[in-house]
Amino acid sequence: NVSDPKVAARALRRIKYLYADVRRFANKRGMVIFGPKKIFDPTLIHLAWLFAEACGKGRALIDAAYPRFFKREFDYEDRSAVEALLAEIGVDVAGFDAFARGPGPATVAEHQAEGEKQGVFAVPTFVVDGELFWGQDRIEFVRAKLAS
């Protein structure tokens, strides 16, 4: 219950630590990451990813969006910025509005429900044969599991 001040304080300490840890990994790779100044609603960028993925450009969207987001150069709640990014990676945005207002939200909800069913609680999470691996530093464990 986050209305409990002790729980809220613990959650804030966890978030601050996680961002410090993320910055450690980023610094090791020569990347810049700033923690967010607010809690963002990821719905629009999730819709954009689904739309881009249907065009074979899902990975391109991730590669373009997230470095900019963590440098505070991209607001993924800004529809015009999201549409401009889709166009930049070569996605025809003509059908995006219809997708985002039509079947898109239900598809996002389905993906979220599937993640919940599998126990996913944060990203990146990898699920291999029902086993969860959370965090970019768990890739070696994922590879070992896939190889076994």
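## Reading a predicted single-chain model

The mean positions of the 22 positive and 20 negative charges of the protein chain lie 9 Å apart, where Lys and Arg count as positive, Asp and Glu as negative, and His and the chain ends are not counted; each charge is placed at NZ of Lys, CZ of Arg, CG of Asp or CD of Glu.

User: What should I keep in mind about the origin and numbering of this model?

Analyst: This is a predicted model, in which local features need pLDDT of at least 70 and side-chain atom pairs count only at pLDDT 80 or more, while totals for chains, interfaces and linings use all residues. Residues are numbered from 1 along each chain as its sequence is written, and side-chain values use heavy atoms, with hydrogens and water left out.

User: How do I read pLDDT, and which elements have the lowest and the highest mean?

Analyst: pLDDT is the predictor's confidence in each residue, from 0 to 100. Where pLDDT is low, the predicted coordinates should not be read in detail. In this protein chain the mean pLDDT is 89, and 97% of the residues reach 70 or more; among the elements, helix H1 (residues 5-28) has the lowest mean, 80, and H4 the highest, 98.

User: How many helices and strands are there, and in what order do the elements run?

Analyst: Helices (H or I, at least four residues) and strands (E, at least two) are DSSP runs, numbered from the N terminus. The protein chain has seven helices and two strands, which follow one another from the N terminus as α-α-α-α-α-α-β-β-α.

User: How is an aromatic pair described, and how many are there here?

Analyst: A pair of aromatic rings is described by the distance of the centres and the angle of the planes. Rings of Phe, Tyr and Trp (its six-membered ring) pair if their centres lie within 6.5 Å, with planes under 30 degrees apart counted as stacked, over 60 as edge-to-face and the rest as tilted. By this rule there are six aromatic pairs. The rings of tyrosine 66 and tyrosine 76 have centres 6.2 Å apart and planes at 65 degrees, so this pair is edge-to-face. Because tyrosine 66 lies in helix H3 (residues 58-70) and tyrosine 76 in the loop between H3 and helix H4 (79-88), the pair ties together parts that are ten residues apart in sequence. Phenylalanine 69 and phenylalanine 70 also form an edge-to-face pair, at 5.0 Å centre to centre with 80 degrees between the planes. Ring pairs link Tyr19, Tyr66, Phe69, Phe70 and Tyr76 into a cluster.
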